[in-house]
Amino acid sequence: MTFRREETVWIPESDLDGMSVDTLAVRAGQIRTGQLEHSDAIFPTSSFVYGSAAQAAARFGGEEPGNIYSRFTNPTVQAFEGRIAAMEGGERAVATASGMSAILSTCMALLKSGDHVICSRGVFGTTNVLFQKYMARFGVETTFVSLTDMEEWQASIRPETRMLFIETPSNPLCEVADMEGLGLLARDNDALFVVDNCFCTPVLQRPLEQGADIVIHSATKYLDGQGRCVGGVVVGSEKMMEEVYGFLRSAGPTMSPFNAWVFQKGLETLPIRMRAHCDNALELALWLEQQPAVERVFYAGLQSHPQHELAKKQQTGFGGVLSFQLKGAREEAWRFIDGTRMISITANLGDVKTTITHPATTTHGRLSPEDKARAGITENLVRISVGIEAVEDLKTDLERGFQALRNESTDNV
Ligand SMILES: Cc1ncc(COP(=O)(O)O)c(C=O)c1O
């Protein structure tokens, strides 16, 4: 039996109107084929067939909707797009091959030579490189400012400023931006406000409801949640997403159907995973604050965090990523990391498995020493993406790191 597009059954979005993100995570965007499968189907095909030459012409001409070729139309990818768009409260989503290609596609689709971008300093290191090195080559200049200093944002606005770009909370220092304030600043200056919502996901924060025009994700992180696939997605209005889609169709940084299916299934457990990540991270942050070898902990759930109140207002949870400075320098940070036994030493985050990394020599290693200093990426900084293991077992493993530091100091006596 073969299936035609006409035989697939989309669950009408209107039936889910007003439902919570927990329900949308499980139900939104699903398509059903003539087999009436309960779980989402996967369509690993590069192209689609037509009933006639006239139908092929109508599809290519845009007169008839339907699948053409998986660089720009694939039902599994569309199902994932439909679900994440519903969860973010956006009109439409465009899935991409990676988080970085989601950022690149947004810039290529919506900026032009001569435009100016203002970007927060605390963004993921590769995002910084994309703006500073590559976008600059195409005549798009970027000014980097402190995520939390509104005066610096205001002072950096130019007549040609077309985009404000942030991550909140930031990676790895968990700084929190005032989204409402930045949204207003963007609107007043005819610029787009773009938020990388990778750390919170729509479960904890919905930037489109708080002043953002566009939300970006590295789906590689929490949306998958089990470290299996690389992918990204852009969410926003139909009009803007049509531009991003147009770029994707022409340039091809497309998400594969298999990855889309993995992300689609990942979204189903996202709400319960995010709550487990948040609970474990808060408990670990409080515990780390009490450790004698720790100089400072960065986590928005702590009372000591400078934007704790703002985070409470904007987010429904503080997320699963925290970082801390050890007393000492790179040597101590590396010794601590190497002292752990269970936690994975890897730069990925958002996994159910806890991961640990040294940002200064990994995720932010390509930044110049000056840029690192400005972004607060010190040599004694360690980042943990807290997973969903038993929190007591995580403490046991981190205690091995502290023990390694103590062993070294007694060896030196
Ligand atoms: C906040 C943030 N945005 C974007 C990216 C880039 O995503 P990807 O690795 O999927 O290209 C990352 C990757 O670590 C990230 O942490």
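This is a predicted model: local features need pLDDT of at least 70, side-chain atom pairs count only at pLDDT 80 or more; totals for chains, interfaces and linings use all residues.

Biologist: Which element gives the most to the lining of the largest cavity?

Modeller: The largest cavity, with about 50 Å³ of space, is lined by Gln30, Ile31, Asp40, Ala41, Pro75, Thr76, Ala79, Trp261 and Gln264. Two or more of the lining residues come from each of α3 (75-88) and α10 (257-289). With 3 residues, the element that gives the most is α3.

Biologist: How many charged residues are in the lining of the second largest cavity?

Modeller: About 40 Å³ of space lies in this second largest cavity, and its lining consists of Pro169, Phe199, Cys200, Tyr222, Phe318, Gly319, Gly320 and Val321. Sorted by class, that lining has 6 nonpolar and 2 polar residues, and the number of charged residues is none.

Biologist: Does Gln205 count as buried or exposed, and why?

Modeller: Gln205 sits in the loop between α8 (201-204) and β8 (214-218). Leaving aside residues up to four places away in sequence, Gln205 touches several others, among them Glu88, Thr168, Met179 and Cys200. Buried means under 20% relative accessible area, and because Gln205 has a relative accessibility of 1%, this residue counts as buried.

Note on methods
Residues are numbered from 1 along each chain as its sequence is written. Side-chain values use heavy atoms; hydrogens and water are left out. On a 1 Å grid over the protein atoms alone, a cavity is a set of points where a 1.4 Å probe fits but cannot get out, and a pocket is an open set with protein on both sides within 12 Å along at least five of seven lines; lining residues have an atom within 4 Å of a point. Grid points are joined across faces, edges and corners, and a volume is the space filled by probe spheres set on the points. Helices (H or I, at least four residues) and strands (E, at least two) are DSSP runs, numbered from the N terminus. Ala, Val, Leu, Ile, Met, Phe, Trp, Tyr, Cys and Pro count as nonpolar, Asp, Glu, Lys and Arg as charged, and the others, Gly among them, as polar. Buried means under 20% relative accessible area, exposed over 50%, partly exposed in between (1.4 Å probe, protein chains only). Contact means heavy atoms within 4.5 Å.
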